Amino acid sequence: MSQSLNSKAPAVDDLILRVQAENDDLVQRVNEQITLETFDSTDQKVLKQLVEGLGDPRGMVRLRFAETLGEIGEAATPFLVEALANHSNVVVRRAAAKTLTIISDPQAVPNLLHAFLNDQDTVVRSSAAGALARTGEASVPALLEILASDEHPQDTKGLAAWALAFIGSEAAEHLYKALNAASLDVRCAVIGALGHVAQEQSDEKSCNLLVSALTDKEALIRTEAAAVLGQVNYPPSVPHLILAIQDTDLDVRKAAINSLGKIGDRTALESLQPLLNDEQEVVRVLAKLAIAQIERQSKADDW
């Protein structure tokens with residue numbers, strides 16, 4: 001029995017080496033054809049072999065296969081989405097999602113969405129979310145639906161919000177409409193995404209919407225808006241943030257103080273000074289830090 005097992009081991013090793021050699025040959029041959037512009041993107045057999053190459057045990061080889069499929073582009077999408085949905089090897093499913101990130105084909109959105117919501121592997125799900133983000137505007141309606149639904153856990157919604165923010169300015173028109181959605185999760189994610197739009201485009205409309213959100217009836221929205229305005233560094237928001245440091249909600253106050261420190265406008269100093277004696281210790285600490293930030297910024301500007 002022992003002798004039989006030992007005899008099988010070299011055979012398995014030989015098989016692995018042979019498959020790896022075939023993979024090396026395949027990816028080299030296809031890359032040469034791509035360079036010479038002789039690659040036949042309708043060759044289904046080769047496209048399937050390239051997708052199978054995503055399961056190679058060597059990380060750098062998997063990357064080379066992914067880059068090769070990325071060069072081929074949308075012709076590879078049907079084979080990648082098939083692998084993403086049905087391949088038994090989780091390594092192939094992970095790599096398929098990452099390769100679809102490179103291709104960014106809108107036709108893959110339904111399959112990416114299914115993998116994002118249903119695959120048992122967390123890496124596949126997060127990679128599918130990354131591919132949805134890179135695909136851009138075509139993914140936005142589905143991401144907003146996920147955020148609006150009560151069926152999905154918070155970690156899924158968190159990835160959807162991240163993808164929405166990553167898409168940024170491409171999603172602007174969708175975001176403007178969704179800011180009045182009934183779902184608090186949608187509105188909160190939209191505020192964060194609008195911050196990215198404002199940073200990418202210096203978008204006045206996005207900045208004004210963020211300022212308006214400082215007076216929203218929901219404290220969570222006010223908090224998010226106050227925090228995002230500090231990241232955007234929008235000086236006209238300073239008077240509104242000064243008002244927000246007197247908000248009835250502690251989290252809103254904290255976010256507003258932090259943002260005033262980041263923006264660094266000296267006009268905020270007069271309003272921040274009294275907070276050094278606030279009854280809340282956290283407010284006192286944050287006010288001290290914000291004042292120090294503004295003073296440092298002022299010295300740097302004067303230099």
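A: **Where two helices meet**

In H4, the residues Thr 77, Leu 80, Val 81, Ala 83 and Leu 84 meet Val 92, Arg 93, Ala 96, Ala 97, Thr 99, Leu 100 and Ile 103 in H5. Contact here means heavy atoms within 4.5 Å. Helices (H or I, at least four residues) and strands (E, at least two) are DSSP runs, numbered from the N terminus. By type, the residues of this contact divide into 9 nonpolar, 2 polar and 1 charged. In that count, Ala, Val, Leu, Ile, Met, Phe, Trp, Tyr, Cys and Pro are nonpolar, Asp, Glu, Lys and Arg are charged, and the others, Gly among them, are polar.

A word on the model before going on. This is a predicted model, in which local features need pLDDT of at least 70 and side-chain atom pairs count only at pLDDT 80 or more, while totals for chains, interfaces and linings use all residues. Residues are numbered from 1 along each chain as its sequence is written, and side-chain values use heavy atoms, with hydrogens and water left out.

Now for the geometry of the pair. Helix H4 covers residues 77-86 and helix H5 covers residues 90-103; their axes come within 8 Å and cross at roughly 145°. Axes are lines fitted to C-alpha atoms, for helices over the stretch in contact, and angles run from 0 to 180 degrees between N-to-C directions. The crossing of H4 past H5 is left-handed, a term used if the near helix is turned anticlockwise from the far one by less than a right angle (right-handed if clockwise).

Together with Leu 50, Leu 54, Leu 164 and Leu 272, Leu 80 touches the most other members of the largest nonpolar core, which has 95 residues. Such a core is a set of buried Ala, Val, Leu, Ile, Met, Phe, Trp, Tyr and Cys residues joined through side-chain atoms within 4.5 Å. Buried means under 20% relative accessible area, exposed over 50%, and partly exposed in between (1.4 Å probe, protein chains only). Helix H11 (residues 184-201) gives the most to this core, with 9 residues. Because domain 1 (21-135) and domain 2 (202-302) both contribute residues, the core lies between them. The domain bounds come from an automatic or database domain assignment, and the centres of the two domains, taken over C-alpha atoms, are separated by 45 Å.

Not counting residues up to four places away in sequence, Leu 54 touches Arg 62, Phe 65, Ala 66, Leu 69, Leu 80, Val 91, Val 92, Ala 95, Ala 96 and Thr 99. Phe 65 is also a contact of Asn 23, which, leaving aside neighbours within four places in sequence, meets Gly 53, Asp 56 and Arg 58 too. Asn 23 sits in helix H1 (residues 2-35) and is buried, at 12% relative accessible area.

Past H1 comes a loop that runs on to helix H2 (44-52), and Glu 37 is found there. Glu 37 has a positive phi of about 60° although it is not a glycine. Most residues other than glycine have a negative phi. Is Glu 37 buried or exposed? Glu 37 is exposed, with a relative accessible area of 72%. Phe 39 lies in the loop between H1 and H2 as well, but Phe 39 counts as buried at 17% relative accessibility. Leaving aside neighbours within four places in sequence, Phe 39 is in contact with Val 30, Gln 33, Ile 34, Val 46, Leu 47, Leu 50 and Ile 72. From Phe 39 to Val 81, 42 residues along the chain, the C-alpha atoms are 21 Å apart.

Finally, a visit to H11, where Arg 187 has its place. Arg 187 counts as buried at 11% relative accessibility. Its contacts, leaving aside neighbours within four places in sequence, are Ala 178, Leu 179, Ala 181, Asp 216, Glu 218 and Ile 221.
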